[in-house]
Amino acid sequence: MAELRVAHTSDLDPSTVAAIEALLDEVFAEELPDHDWEHVFGGLHVLAYDDGALIGHAAVVQRRLLHGGRALRTGYVEGVVVRRERHGRGHGAELMDEIERIVRGAYTLGALSSSDMALGFYAARGWPAWRGPTSALTPEGIRRTPNDDGGIHVLPVDVELDFDGELTCDWRDGEVW
């Protein structure tokens, strides 16, 4: 088991921020664009350490998702990564256990956008895929995001959802979901 630390973005020192960025770049095998890199900030981070080395990260930031005529206070999960050589040892589950505790304690809904590789991981944890159409509330109005259909997972906490209805995310630069 890894040692977990939970910290708000405001409590991260520059060396920890640099370590998170290096880990994300390493695992995603590319440098994240600045606007996507910023998506992991402004909320709570769950950091997994082994022998003082950062081996995993996950963050939850507040967003508003629109569904059924309501704006839902959503804990949006970002930057879930575990060092490649540490895959298959339960570290991702440890990170998500803590993220789910945070989501259940502070939000009406949890949501995340999954890579194809992680779809089964999130589904097995009880994060069903959204079946309905996805959209974004852009400066030009609501616009469909069909490339995200099927890749959004949600964790209902205190809300009833129509999984076949439309789900709309708030606007942000870069990848909106």
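**Notes on the predicted model**

1. Strand S1 (residues 3-8) pairs with S2 in the antiparallel sense over six bridges, where strands are DSSP runs of E of at least two residues, helices are runs of H or I of at least four, both numbered from the N terminus, and two strands pair if DSSP finds at least two bridges between them. Within this pairing, Ala-7 has His-45 of S2 as its bridge partner. This is a predicted model, in which local features need pLDDT of at least 70 and side-chain atom pairs count only at pLDDT 80 or more, while totals for chains, interfaces and linings use all residues. Residues are numbered from 1 along each chain as its sequence is written, and side-chain values use heavy atoms, with hydrogens and water left out.

2. Strand S2 (residues 44-50) is mostly covered, since five of its seven residues are buried; here buried means under 20% relative accessible area, exposed means over 50%, and partly exposed lies in between, with a 1.4 Å probe and protein chains only. S2 is also joined to strand S3 (residues 53-67) by seven bridges, the two strands running antiparallel, and Leu-47 has His-57 of S3 as its bridge partner. S2 and S3 form a hairpin with two residues between them. Asp-51, placed in the loop between S2 and S3, has a phi near 50°, a positive value in a residue other than glycine, and is exposed, with a relative accessible area of 79%.

3. From S3 the pairing carries on to S4, with 11 antiparallel bridges between the two strands, and Val-61 stands opposite Tyr-76 in S4. The hairpin of S3 and S4 has two residues between the strands, and in this hairpin Gly-68 takes a positive phi near 60°. The charged end of Arg-63 sits over the ring of Tyr-76, 4.6 Å from its centre; the criterion is that NZ of Lys or CZ of Arg is within 6 Å of the ring centre and within 35 degrees of the ring normal.

4. What is the sense in which S4 and S5 pair? The pairing is parallel, over four bridges, and Gly-75 stands opposite Gly-110 in S5. Strand S5 (residues 109-113) pairs in turn with S8, in the antiparallel sense and over five bridges, with His-153 of S8 as the bridge partner of Leu-112. Four of the five residues of S8 are buried, so S8 is largely enclosed by the rest of the structure.

5. Helix H1 (residues 14-27) has 14 residues and reaches 20 Å from its first C-alpha to its last, close to the 20 Å expected at 1.5 Å a residue, the expected span being 1.5 Å times one less than the number of residues. Among the buried residues of H1 are Ile-20, Leu-23, Leu-24 and Val-27. An α-helix has 3.6 residues a turn, so residues three or four places apart point the same way. H3, with 16 residues, reaches 23 Å between its first and last C-alpha, close to the expected 22 Å, and its buried residues include Leu-95, Ile-99, Ile-102 and Val-103, as well as Glu-94, Glu-98 and Glu-100.

6. The count of aromatic pairs is two, under the rule that rings of Phe, Tyr and Trp (its six-membered ring) pair if their centres lie within 6.5 Å, with planes under 30 degrees apart counted as stacked, over 60 as edge-to-face and the rest as tilted. The rings of Phe-121 and Tyr-122 have centres 5.1 Å apart and planes at 70°, so this pair is edge-to-face. Phe-121 is partly exposed, with a relative accessible area of 31%, whereas Tyr-122 counts as buried at 7%. The rings of Trp-130 and Phe-163 have centres 5.1 Å apart and planes at 35°, so this pair is tilted. That pair links distant parts of the chain, 33 residues apart, with Trp-130 in the loop between helix H4 (119-124) and strand S6 (134-138) and Phe-163 in the loop between strand S8 (152-156) and strand S9 (167-169). Both Trp-130 and Phe-163 are buried.

7. Asp-162 is also found in the loop between S8 and S9 and counts as partly exposed, at 44% relative accessibility. The C-alpha atoms of Asp-162 and Gly-132 are separated by 8.3 Å, although the two residues are 30 residues apart along the chain.
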